[in-house]
Amino acid sequence: MPPLPIPEHPPVAWYLILSAILFGLGVAGFLFRRNIITVFMSIELMLNAVNLSFIAFSYQLKQVSGHIFTFFVMVVAAAEAAVGLAIILTIYKNKSTLEVDEINSLNN
Amino acid sequence: MPASFMPSAQEMMRFLPETLLTLAGVFLMVLEAIMAPENKGRLKAFALFALAAALAAAVIAYNDPGPAFNRLLIIDGFATFFRVLVIGVAILAVLGSSQYLAREGANPGEYWALVLFSVVGQSLMVTSNELIMIFIGLEISSIASYVLAGYLRDDARNSESALKYFLLGSFATGFLLYGVAWIYGLTGTTDLSQIRADLANRDISNSMMMIGAACALMFVGFAFKVSAAPFQVWAPDVYQGAPSPVAAFLSSGPKAAAFAMFLRVFVTAFEPVADRWEPIVWASALVTMIVGNFAALRQTNVKRLMAYSSIAHAGYVMVAVATHSKLGIEAAMFYLAAYALTNLGAFAVITCLVGKGERFVEIKDLAGLGARQPLSAAMLTIFLLSLIGVPLTGGFFGKFYIFKAALDARLIWLTVLGLLNSAVAAYYYLRILVVMYMEEPGDTVENTQEMGGALKFVLVGSAVATLVIGTFPSLLLDVASRYAVLGR
Amino acid sequence: MIDTALFYVFALMTLGGGILCITRRNAVHAAIWLIASLMGVAGLFLLQRAEFLFAVQIVLYIGGIMVLFLFVIMLINLDTAAAERQYSGQWKLALGAVVLAGGEIAWVMARGLPGLGAAAAVQDGGEGGSDGNVERLADLLFSEYLLPFEIVSILLLAAIVGSVFLARRRTS
């Protein structure tokens, strides 16, 4: 295994690539997990990848507006979590299951 | 740091519709808590009054167009047109919901409040000139809509609809935000005008790949919201499972607002790279029309059929987006207004016919409607003809202007394929007409619930409006062309 | 130097937590790995001098959102779910799509990165923008971005009304 590159400060590209991988993990989890709660957690991974990108770009551009966007994304994530988990509770009350594949009563 | 950050009176005037709706929504919930149960019918009147006041405020705000709040918002003709449209849709949706809610025994207080909040979100979506504001508006509208889709908590279909809407909506938000993050990183701003200036004035050949990727990510997010292919899969389940009046609302108001922000972002901010995104929108428009129309052919459930029809109509509007010309924007505005009217009217008939617990949702349940309820049947005929695009209806001129704009923009193949698609669409709409007038009623005769006055008003009002803009299209087209002004 | 070492540590936390979050059977374990991942992200925020967001990430995300998740998981008994099939039938398709999308992003980044940051326009407050300190953030939040700050209260209100309404006990 080649030695790890060790610059003085990690370049911005590293953060961006990390964020892209994290986003990919979120998308992967969303697409192939069956449990709704885990699917929802995958969305949180995606949002964190977005936040990481915002901060990295903000650092690169020497602005703080990226921090503000991240702040708003977090607030929205909190609101979504509240509503999403309430919806998950109603699904569980009505169907007694949280398997994505089994929630398919709507079709032709 | 600016000396004073208090907004001026002028800015507050431009922001008046949203302020009114927010205050009304909050006030409604307070009233809901303190009012005696027998007086709760007045809540609806209050919600309607607030919407009417907001409508007036939106019109008045255009007397003094311009930006507000550090250019985060921009009140231009385009914003005003869509503000009026989404508030108008909400008025019709409120009128069309009360009978349904009473029939299902649902508490209407929160319903009206959530509709008002959703309209605040939509109104922000269409007035925002900044990606973060667009995102926040979109989320307000979406969160209220998720709850509305699952409003009858004990109905499994409602919960399923809300869940699918929520999961896929949040997934789309993730893509949209990732695109916003990259645009911010590449241009250093999220202000649409500044993004445009940056893309137009700087040598971007170096970072073209990344700009393209950012546009594509944002396109994915928007395509989800307007239910354009290949991201339309949520729409049939959500519209089928949601309460009928909610499905009517979701497929008219939020959809028009989503198209408005789509148009604003792509036609102002990304105009300098239009030759890059045009092929994507072109392909998506074509696939959306084909998927919507051909899947609708196989449906037996009326609500699901309307959902696929709504996908197909999103495809026609995508054709208008692909032109990215002023003519195309006008055509999209005309089309979205005409479609909203027709769609709300058709869903008003469905809302009445499905019966308590939504038991009669199959096409065969419409058999003999012409004899049973001549008025509903006649109105539904007008709406279906408009959805097909038969002359003398609003739908005809909607399609006409879109394909005219497409021809002007040299999108010949898209026009030809789009016209072929409308011919396919005629089949499944006409099938409903045949069932309605030619077939004997089955065992669903028991379902002859009287249509309430409010629902009748929605029905007749939208039918008349559909015919009027079909006969005198210049009434609406003049407005659209005068208001198709995107402030920069 | 120390920054780079810390970057590796936090990146490992972020990705390791993320991978374990989407692969664990037990929802509680998945949530705990997600918390690890979120802490890694918080550490990366700190490395890029976003101290305020570091705090918000810990307090709001981990202290608020994740605790909510754990509450719901505990409320719904998921023991049976852990024994069932974990991946949906379309996992091959999903994997293909993810590999494709990931490869595309990596390729785009590898080709496009040199052009990055060409627009280094400093628009909010001149020098020292990389401080990311709370004061500068507050200045901007309460002047230029006052409107969205106020508007998210409507968002939160709608979310509260909606979730209370949905989760309320049946009355009839």
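A residue is termed buried if 20 or more other C-beta atoms lie within 10 Å of its own, exposed if 12 or fewer do, and partly exposed in between, with C-beta atoms placed from the backbone. By this criterion, 62% of the 488 residues of chain B count as buried. The structure is a predicted model, in which local features need pLDDT of at least 70 and side-chain atom pairs count only at pLDDT 80 or more, while totals for chains, interfaces and linings use all residues. Residues are numbered from 1 along each chain as its sequence is written, and chains are lettered from A and ligands numbered from 1 in the order in which they are written.

Two residues are in contact if their C-beta atoms, placed from the backbone, lie within 7 Å.

| Chain | Residues buried | Contacts (separation of at least 6) that join residues at least 24 apart |
|---|---|---|
| Chain A | 69% of 108 residues | 46% |

**Chain B**

Helices (H or I, at least four residues) and strands (E, at least two) are DSSP runs numbered from the N terminus. Chain B contains 21 helices and two strands. Its radius of gyration, taken over C-alpha atoms, is 22 Å, close to the 23 Å of the globule rule (2.2 Å times the number of residues to the power 0.38), so chain B is as compact as a globular protein of that length. The C-alpha trace of chain B extends about 70 × 60 × 40 Å along its principal axes.

Helix H2 of chain B covers residues 16-34. The expected span of a helix is 1.5 Å times one less than its number of residues; for the 19 residues of H2(B) this gives 27 Å, and the end C-alpha atoms are 27 Å apart, which agrees. The buried residues of H2(B) include Pro17(B), Glu18(B), Leu20(B) and Leu28(B). Together, the buried residues of H2(B) pack against H3 (41-61), H4 (77-104) and H5 (108-127) of chain B, and also against H7 (146-167) of chain C.

**The largest nonpolar core**

A nonpolar core is a set of buried Ala, Val, Leu, Ile, Met, Phe, Trp, Tyr and Cys residues joined through C-beta atoms within 7 Å. The largest such core has 290 residues, of which Leu116(B), Ala332(B), Tyr335(B), Leu336(B) and Ala158(C) touch the most other members. Helix H15 (residues 326-353) of chain B is the greatest contributor to this core, with 20 residues. Domain 1 (1-78) and domain 2 (133-172) of chain C each provide at least three residues to this core. Apart from neighbours within four places in sequence, Leu336(B) is in contact with Leu85(B), Ala256(B), Phe259(B) and Val317(B).

**Chains A and C**

Chain A has three helices and zero strands. The radius of gyration of chain A is 18 Å, well over the 13 Å that the globule rule gives for 108 residues, so chain A is more spread out than a compact globule. Chain C has seven helices and zero strands. The C-alpha centres of domain 1 and domain 2 of chain C, whose bounds come from an automatic or database domain assignment, lie 23 Å apart.

The contact between these chains takes 68 residues from chain A and 75 residues from chain C. On the side of chain A that touches chain C, H3(A) gives the most, with 22 residues. This side has 47 nonpolar (Ala, Val, Leu, Ile, Met, Phe, Trp, Tyr, Cys and Pro), seven charged (Asp, Glu, Lys and Arg) and 14 polar residues (the others, Gly among them).
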